[in-house]
Structure formats: C-alpha cells, structure tokens
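Reader: I'd like a close look at one part of this protein. Could you walk me through it, and then through a couple of other spots for contrast?

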Amino acid sequence: MNPILLGPIDLRQKPRVAGVVDDTVVPETLQTLHEQGVDVLELRVDTFGRFEPEYCAEVAKKYALSGMPLLATVRSPAEGGEGGLQPGQRLTLYRALAPYVHAVDVELGSQEILPGVLGLAREHGLLPILSYHNFEQTPDSAELTQIVGQCVAAGAVAKIATMAQSREDALRLAMITLEHCEQGLVTLAMGAPGQFSRVLFPFLGSLLTYGYAARPTAPGQPSAVNLAGAIRSLC
C-alpha cells in the first residue's frame, strides 16, 4: 500500500496516536506527550480561548516546537465544535493555520467551506481529512460505506466517529475499517460500548486514534498518554 504522510510520519507504518490540544498546553506537557509516544498533535482550534487568526497561528508555531506534526481542526458546532464559530470564521482560521500545520480536518457536511479547505490542503501540501461525526448512533454499513466513498472521491482520508449504543455497533464499524483500510481512513466508536475501538481499530487499519491532553473533547475519549501506553504495549 502507498504511504499516507502526515508531515514526516507515514500513518500506515504503525498505529499512531493523536493528542488533542487546546491553547493552554504548556511545553512540559508537550514534551511528556512526545516522550510517552504521542505521534501527532490535533489542534482543536474551536476550543481555543481566542480566535484571532494571528493568535491561533502563534499557538501553532509554538506547538510545532514539540517536534510532533500538527493537524488543524476547527470543528463545526453542528458536529460537536465549541466557540459558536460561523463558516466564514472557520475558513479564515484554516487559512491562517495552513502554513504552520501538516494536515487539516474538516467535516464532510461543511459544504460552505469544504472547497476552500481542500484548496488550502492542495496549495500547502497538507494531508486532507474529511470527517463525519454522529453523536447519537452508528449508521448501517451501507451508509458508512457511502461516507467513505464520498471522502475518497474528494481525494481525502475519511474519518468516521460514531456513537456506539451497543457492542454490535462498534463491531460494525470495525468491519468497515477492515474493508476500507487500503483506501485510507480513521474510525472510532464513541461511548462506553466502543471504548475498545480506540486501541483495537489502529491494529485493524485505522490511521489515527485520539486521546486528550487537557480535557476530553468526545464521549469516552481517554488521555493521550494512557492511550499511547496501551498502544505501545501491544506493538
């Protein structure tokens, strides 16, 4: 399979852990994350305390000193984003961050800004990730397959995060991971029944798994350090 690069890291090479950060993480914590096996920092820009483009770019430059590649996400309020940011504000922030990060994640449903964010990814040589979040349920296999297909057709890695109401929901998402891992995707099942997915799915082909640095940003999200320890103990 062809490599999928996020900065210098080939996401296919081994299971990879992303540490989710806001703008409050201190250098000592970043160093700990790096030393404990966290591979990537996901900047959840919508959780920052301020949204001036210059400020957000400065945060990105500061976090780049950690040596870990950066993934910028300005999550839509419709899919769990904070800060009440409007589409135009979000696109402005993606534009400000693009020179300083290695990947961008935007929702498949954010049609107003989707072309602009994908354009920024092409212009700056960034890995594009198109994401789908469902905090209520896990769709059936046909709908999940359709979502993967839409993301791949757009030239992006698909990210699917859904609420597992049962172990069967999580196992259905596991089968989607196995069936489509060659195309490049990220999958995780939120909630207690899907907790195991954050460790198991990377071994089934999911390119990233996510843990928090400061506070959880999704149901059932573990700490990045604990998650990295669990992953590394199995590699």
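Author: Let's start with Phe 203, which sits in helix H7, residues 197-204 (helices, H or I, are DSSP runs of at least four residues and strands, E, of at least two, numbered from the N terminus). A quick note on the model: it is predicted, so local features need pLDDT of at least 70 and side-chain atom pairs pLDDT 80 or more, while totals for chains, interfaces and linings use all residues. Residues are numbered from 1 along each chain as its sequence is written, and side-chain values use heavy atoms, with hydrogens and water left out.

Phe 203 counts as partly exposed because its relative accessibility is 36% (under 20% is buried, over 50% exposed, in between partly exposed, with a 1.4 Å probe and protein chains only). Together with Leu 200 and Leu 234, Phe 203 makes a nonpolar surface patch of about 270 Å².

Now for Gln 221, in the loop between strand E10 (209-212) and helix H8 (224-234). With 8% relative accessibility, Gln 221 counts as buried. Beyond its neighbours within four places in sequence, Gln 221 is in contact (heavy atoms within 4.5 Å) with residues including Val 20, Arg 198 and Tyr 210.

Last stop: Val 117, in helix H4, residues 114-124. Val 117 has 2% relative accessibility, so it counts as buried. Setting aside residues up to four places away in sequence, Val 117 touches Leu 91, Tyr 94, Val 104 and Val 106. Between Val 117 and Ala 98 there are 9.2 Å, C-alpha to C-alpha, and the two are 19 residues apart in sequence.

How values were computed. Patches are made of residues with over 30% relative accessible area and no salt bridge: like charges are joined within 9 Å, nonpolar side chains (Val, Leu, Ile, Met, Phe, Trp, Tyr) within 5 Å. Accessible areas come from the Shrake-Rupley method with a 1.4 Å probe; for residues, only the protein chains shown count as cover. A salt bridge is a side-chain nitrogen of Lys or Arg within 4 Å of a carboxyl oxygen of Asp or Glu.
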